[in-house]
Amino acid sequence: NPHGLVFLSAPIATSDNPLDPVAPLAVTSLERLHQAIQAAGSRPSDVLRVTCFLSSLEDLAATRRLLEAAYPHAALNYVQTQRAPLHALAACEAVARLPRETGTRIQFLPAEGEPQSALVSATHLVLTGTQVSYGFQEANSRLAFERLQKALESSGVTGRDVIFAHYYPLAGAIAAQVRKLRAEFFPAAVTSLLPFEGLPGMDAGFAVDVIAAKD
């Protein structure tokens, strides 16, 4: 990918009934994802990976057909986020090839407000492992951010180099803590913030991993 990569966040589509089928929600998420891909200057043939986070894997074949038709050359992943979700959900993120020179190592789109995509032409990327927050207070969440920040610094980058952050909170109150703290540590990153189950520990509040640009 000589010009770099585009990292695109997952547009979230939900319905109130947790038993609703996810394929119609995936249609909505994928339509918005396609718009973001176009805004970045990429094409469907440039898409390298699509990951769909879903409230249910029942009738996965319907969602799979949508993705295979839209992105036949991409690696496709499907993840059920919770065992018993409160809402039906589909949210599909992507990584695409950047087909042109941007003139800058990192460009976020849109330029104002919450960024939905990061156009990255840096020569290297740093991909962290997952850092887990143990405990449910803001101080516990802050400690997880600080540990991840130290891991980044050991690789020669800082929080300002982070271009994409995945957050996996167990509850809404924890998600609110993450929203409060993330701008302090990763001020410009594209964000994926969805409720998850399955963290390693009964006292785990959330997990986070990030991607940073490095020249």
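Guide: Keep in mind that this is a predicted model. The largest pocket has a volume of about 360 Å³. Its lining is made of 18 residues. Start at the centre of this pocket: Gln82, His87, Leu89, Leu194 and Pro195 are the lining residues that lie nearest to that point.

Now look at the elements around the largest pocket. Strand β2 (12-15) supplies at least two residues of the lining, and so does helix α4 (172-185). Of the elements, α4 gives the most, with three residues. Sorted by class, the lining of the largest pocket has eleven nonpolar residues, six polar ones and one charged one.

Next comes the second largest pocket. It holds about 270 Å³ of space. Here 16 residues form the lining, and Ser9, Ala10, Pro11, Gln116 and Thr191 lie nearest the centre. Two or more lining residues come from each of α1 (23-39), α4 and β11 (190-193). By class, the second largest pocket is lined by seven nonpolar, five polar and four charged residues.

Find it in strand β10, which covers residues 162-169. Ile163 counts as buried because its relative accessible area is 0%, and buried means under 20%. Ile163 and Ala212 are 49 residues apart along the chain, yet 5.3 Å separates their C-alpha atoms.

How values were computed:
Residues are numbered from 1 along each chain as its sequence is written. This is a predicted model: local features need pLDDT of at least 70, side-chain atom pairs count only at pLDDT 80 or more; totals for chains, interfaces and linings use all residues. Side-chain values use heavy atoms; hydrogens and water are left out. On a 1 Å grid over the protein atoms alone, a cavity is a set of points where a 1.4 Å probe fits but cannot get out, and a pocket is an open set with protein on both sides within 12 Å along at least five of seven lines; lining residues have an atom within 4 Å of a point. Grid points are joined across faces, edges and corners, and a volume is the space filled by probe spheres set on the points. Helices (H or I, at least four residues) and strands (E, at least two) are DSSP runs, numbered from the N terminus. Ala, Val, Leu, Ile, Met, Phe, Trp, Tyr, Cys and Pro count as nonpolar, Asp, Glu, Lys and Arg as charged, and the others, Gly among them, as polar. Buried means under 20% relative accessible area, exposed over 50%, partly exposed in between (1.4 Å probe, protein chains only).
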